[in-house]
Amino acid sequence: MSAAPIELPSLGDTTSGIVSPQQEYELGQTYLKYLRSRTPTISDAETKDYLERLTYRLAEHSGIHDHRLSTMIIDSSALNAFAAPGGIIGVNTGLFFNANNEAQFAAVMAHELAHLSQRHYARNVEEAQRKSIPTAAAIIASVVLMATAGSDAGVAALSSTIAGIQSSSLRFSRQFEREADNLGIITLSRAGFDPNAMPEIFEEMNRSSRYQSRPPEFLLTHPVTDNRIADSRARAAQMPSGGTKGSVDYQLVRMRLFALSAENPAAFAKQLQNELQDGYTSAPDVTRYGLALASYLSKDYATAEKALNTLLEKHPNNLYMIMAKARLESAQGKHKEALARIDRALKVYLDNYPLMFTKAELQTESKDFTGARDTLQALSRSRPDDPDIWYYLAEAQGQAGDILGLHQSRAEFFFLSGNLDDAIKHLQYAKKLAGNNYALTARIEKKLSDVYAYRNKLKNN
């Protein structure tokens with residue numbers, strides 16, 4: 001999909017030098033649409049759900065007052081995470097690949113949440129305005145752009161943008177990094193994680209960068225020095241002991257991403273099989289789960305079934321394993337068994353997002369397109385700001401013959417993905433199809449009016 005460019009709104013009244021929280025939120029939502037339109041993202045429901053749950057767990061202890069948070073997972077192996085104004089938290093899949101345990105992953109997230117809680121971006125803008133630097137908005141735009149997979153443009157933009165900024169402004173930025181480290185460690189500890197994970201992940205990044213011609217993306221925007229590592233280790237030592245290194249959920253999601261991103265799933269399955277046979281794994285259940293996924297992806301259903309049966313005997317209530325087993329059953333043509341397995345889990349975990357999404361997938365595979373549409377419509381009500389849900393709902397509506405609904409859902413998808421022109425086109429198609437249904441026509445006209453107003457606001461800012 002190619003998206004029409006989005007104009008970025010201004011950052012408040014330059015005469016007052018104040019960026020309000022609401023202005024930050026609106027800016028963040030615009031950047032989110034901008035990134036979605038230009039950046040490959042992960043739509044996997046299990047991974048997205050995990051990141052959302054961890055983010056809100058940390059946010060409870062972070063000092064953030066505005067809990068309107070939005071997360072996104074960028075499909076890039078580069079090690080990176082970022083926070084953008086207005087509660088936007090993004091991570092690359094590379095952070096999962098490089099953080100060996102959940103505490104290390106959470107440490108990076110806690111650091112980014114600290115940037116948000118202290119409103120560092122707004123403070124940067126106000127500092128730039130105070131010094132009559134006219135490119136304050138461009139500074140933030142460049143930082144956010146650097147989070148994307150193709151970040152060279154962001155680095156170049158940032159370099160040219162800050163070329164005229166005095167060294168005092170750079171010291172101001174380093175002050176923010178120290179502040180985010182200190183507050184992030186406190187958040188990490190209060191959320192029940194080992195605070196030593198912060199210096200650990202910084203050290204890991206530094207080690208890995210020594211063997212690369214280009215440092216990890218994270219280090220470009222968050223330079224880590226030996227002094228900074230020492231400071232974070234001293235700060236962590238002041239925290240209460242007893243924090244955990246993390247849950248098995250993180251390890252399962254991490255393994256899931258390894259399997260889904262494997263260029264050769266069969267070869268990856270063979271590697272994991274050898275690790276299990278030779279005893280080279282410290283987490284055999286996680287390795288076996290990866291074996292099941294990689295075998296399923298390479299259509300070796302016998303190996304996948306054997307691995308999942310072993311896992312479910314030990315962990316009968318684990319949702320990751322339940323969903324994997326249901327997908328396997330569906331691939332084997334056992335559609336009734338697969339749906340029954342998911343429905344049993346939904347009786348315990350009511351309206352669970354990954355379970356509901358898996359159910360829609362299984363309904364589609366069994367050619368129950370009306371059922372898939374209904375399941376995804378329920379999800380669209382609980383997750384109205386999730387473009388992935390609207391994308392798959394439009395597909396299900398098309399397969400079910402609901403062309404009017406298809407155009408409405410595509411309009412929602414394009415709006416959330418930053419393509420306002422296509423959103424308007426699909427709303428206009430939907431309005432024609434609504435015919436004499438005046439109530440529906442009124443709703444579509446209201447949505448059209450809202451999209452036009454949003455586009456005009458961007459242009460006028």
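Two strands are taken as paired if DSSP finds at least two bridges between them. The views below show a predicted model.

**View A. Strands E1 and E3 pair in the parallel sense.** Five bridges join E1 to strand E3, which spans residues 88-92. Within the sheet, Ile 73 stands opposite Val 91 of E3.

**View B. Three strands form an open sheet with mixed pairing.** The strand order is E1-E3-E2. Strand E1 (70-74) and strand E2 (81-84) stand at the edges; each has a single partner strand, so one side of each is left without a neighbour in the sheet. On average, and with direction ignored, neighbouring strands of this sheet are turned by 15 degrees against each other.

**View C. Helix H1 packs on the sheet.** Helix H1, comprising residues 21-38, touches E1, E2 and E3. The direction of H1 makes about 20 degrees with that of E1.

**View D. Helices H12 and H14 pack with their axes 9 Å apart.** Helix H12 covers residues 248-261 and helix H14 covers residues 284-297. The angle at which H12 and H14 pack is about 30 degrees; because angles under 35 degrees count as roughly parallel, H12 and H14 are therefore roughly parallel to each other. Their crossing is right-handed.

**View E. Residues of H12 meet residues of H14.** On the H12 side, the contact is made by Val 248, Gln 251, Leu 252, Met 255, Arg 256, Ala 259 and Leu 260. These meet Val 286, Thr 287, Tyr 289, Gly 290, Leu 293, Ala 294 and Leu 297 in H14. By class, the contact of H12 with H14 has ten nonpolar, three polar and one charged residues.

Note on methods: Residues numbered from 1 in each chain as written. Predicted model: local features only at pLDDT ≥ 70, side-chain atom pairs only at ≥ 80, totals over all residues. Heavy atoms only, no water. Axes fitted to C-alpha atoms, helices over the stretch in contact; angles between N-to-C directions. Helix = DSSP H or I, 4+ residues; strand = E, 2+ residues; numbered from the N terminus. Parallel < 35°, antiparallel > 145°, perpendicular 65-115°, else oblique. Left-handed = near helix turned anticlockwise from the far one by under 90°. Contact = heavy atoms within 4.5 Å. Nonpolar A, V, L, I, M, F, W, Y, C, P; charged D, E, K, R; others polar.
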